[in-house]
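Have the viewer open as you read.

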Amino acid sequence: MLSNSLLALLEKKRPSLSKTENEVLDYILIHRSAIGTKTIYDAASDLYVSTATISRTAKHLGYQGFKELKYAIDQANHLEEQEGDARSFQTITNQIISNVTETFQQMNEEKVSQMVTMIDQSNTIEVFGLGGSFPICTDFARKLTFLGKKAFARSDWDEQEAAVSNLTQEDLAIFVSFTGETKGILTYAQIARKQHIPMISIISTKGSKLEALSTISLFAKGTSRYHNQVDLNSRISVICLFDTVLMVYAQRRNEK
């Protein structure tokens with residue numbers, strides 16, 4: 001059985017998928033128990049579509065490709081089996097530790113330095129995040145403010161749109177999105193892109209639309225987890241990444 005957490009996440013993506021992509025998702029969910037044994041060619045043949053369509057659907061669902069999507073489903077099924085087991089506590093804590101470890105392993109010192117430089121050179125910084133990502137954005141903007149930058153994280157959607165529309169090429173927009181496909185965040189990112197505003201994205205999955213729109217992207221590993229459609233995705237990796245950037249930025253200021 002597919003974990004309710006992943007099922008809710010995939011279903012949440014339906015409105016942003018095309019008719020054909022929704023058919024691919026239906027196929028994946030129907031064959032979820034055996035999807036791990038199917039190749040991208042099997043799926044394309046069964047659905048009478050191209051392998052590119054299968055791959056594109058997987059990316060729109062927040063994964064690098066069909067292989068990563070299959071792995072996520074297998075992992076979710078495995079986690080479902082363990083949820084009632086006494087080891088579930090250890091499984092959850094190990095996953096969080098693994099996500100943080102992988103985030104630091106993938107953290108590119110050159111990109112962190114570039115992000116710090118962009119922060120240092122900007123006049124105004126707007127940090128965008130929705131849902132569970134918003135409190136982290138607020139904390140990051142608050143700390144930047146105490147470090148001497150004009151930084152904001154706004155909760156009102158209309159105010160967010162007005163804020164990004166008022167940015168100039170001398171400013172900076174920072175976007176946080178677990179999948180890199182969040183509709184509202186993409187809307188603001190597209191506005192920023194049209195205005196040639198420097199953009200930094202913090203995302204969990206490579207190959208997303210947000211990554212393509214951004215000047216640079218940094219990756220904070222996360223695990224999709226929902227309970228009865230309640231978002232329980234841990235953002236601790238994003239916090240670790242932001243804290244690292246803040247410490248590097250503070251150190252650079254001290255050296256001036």
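## Ground rules

Helices (H or I, at least four residues) and strands (E, at least two) are DSSP runs, numbered from the N terminus. This is a predicted model, in which local features need pLDDT of at least 70 and side-chain atom pairs count only at pLDDT 80 or more, while totals for chains, interfaces and linings use all residues. Residues are numbered from 1 along each chain as its sequence is written, and side-chain values use heavy atoms, with hydrogens and water left out.

## Aromatic pairs

Searching the whole structure gives 3 aromatic pairs. Rings of Phe, Tyr and Trp (its six-membered ring) pair if their centres lie within 6.5 Å; planes under 30 degrees apart count as stacked, over 60 as edge-to-face and the rest as tilted. Phe128 and Tyr188 make a tilted pair, 5.6 Å centre to centre with 35° between the planes. This pair links distant parts of the chain, with Phe128 in strand S1 (residues 124-129) and Tyr188 in helix H10 (residues 183-194), 60 residues apart. Buried means under 20% relative accessible area, exposed over 50% and partly exposed in between (1.4 Å probe, protein chains only). Phe128 is buried because its relative accessible area is 1%, and Tyr188 counts as buried at 4%.

Phe140 and Phe242 are stacked, at 3.9 Å centre to centre and 10° between the planes. They too link distant parts of the chain: Phe140 sits in helix H8 (residues 134-146) and Phe242 in helix H12 (residues 236-255), 102 residues apart. Phe140 counts as buried at 1% relative accessibility, and Phe242 is buried with a relative accessible area of 2%. Ring pairs also join Phe128, Phe175 and Tyr188 into a cluster.

## Strands S4 and S5

Two strands pair if DSSP finds at least two bridges between them. Strand S4 (residues 199-203) and S5 pair in the parallel sense over 4 bridges, and Ser217 in S5 is the bridge partner of Ser201.

In a regular strand the side chains alternate between the two faces of the sheet. From strand S5 (residues 216-219), Ile216 and Leu218 point one way and Ser217 and Phe219 the other way, and all are buried.

On a 1 Å grid over the protein atoms alone, a cavity is a set of points where a 1.4 Å probe fits but cannot get out, and a pocket is an open set with protein on both sides within 12 Å along at least five of seven lines; lining residues have an atom within 4 Å of a point. Grid points are joined across faces, edges and corners, and a volume is the space filled by probe spheres set on the points. The whole structure holds 2 cavities of 30 Å³ or more.

The largest cavity has a volume of about 80 Å³. Of its 14 lining residues, Phe178, Ser204, Ala220, Arg235 and Val238 are the closest to its centre. Strand S3 (172-177), S4 and H12 each supply at least two residues of this lining.

Among the 31 residues that line it, the closest to its centre are Lys12, Glu181, Thr182, Lys183 and Gly184. Helix H1 (4-12), helix H9 (157-165), S3 and H10 each supply at least two lining residues, and H10 gives the most, with 7 residues.
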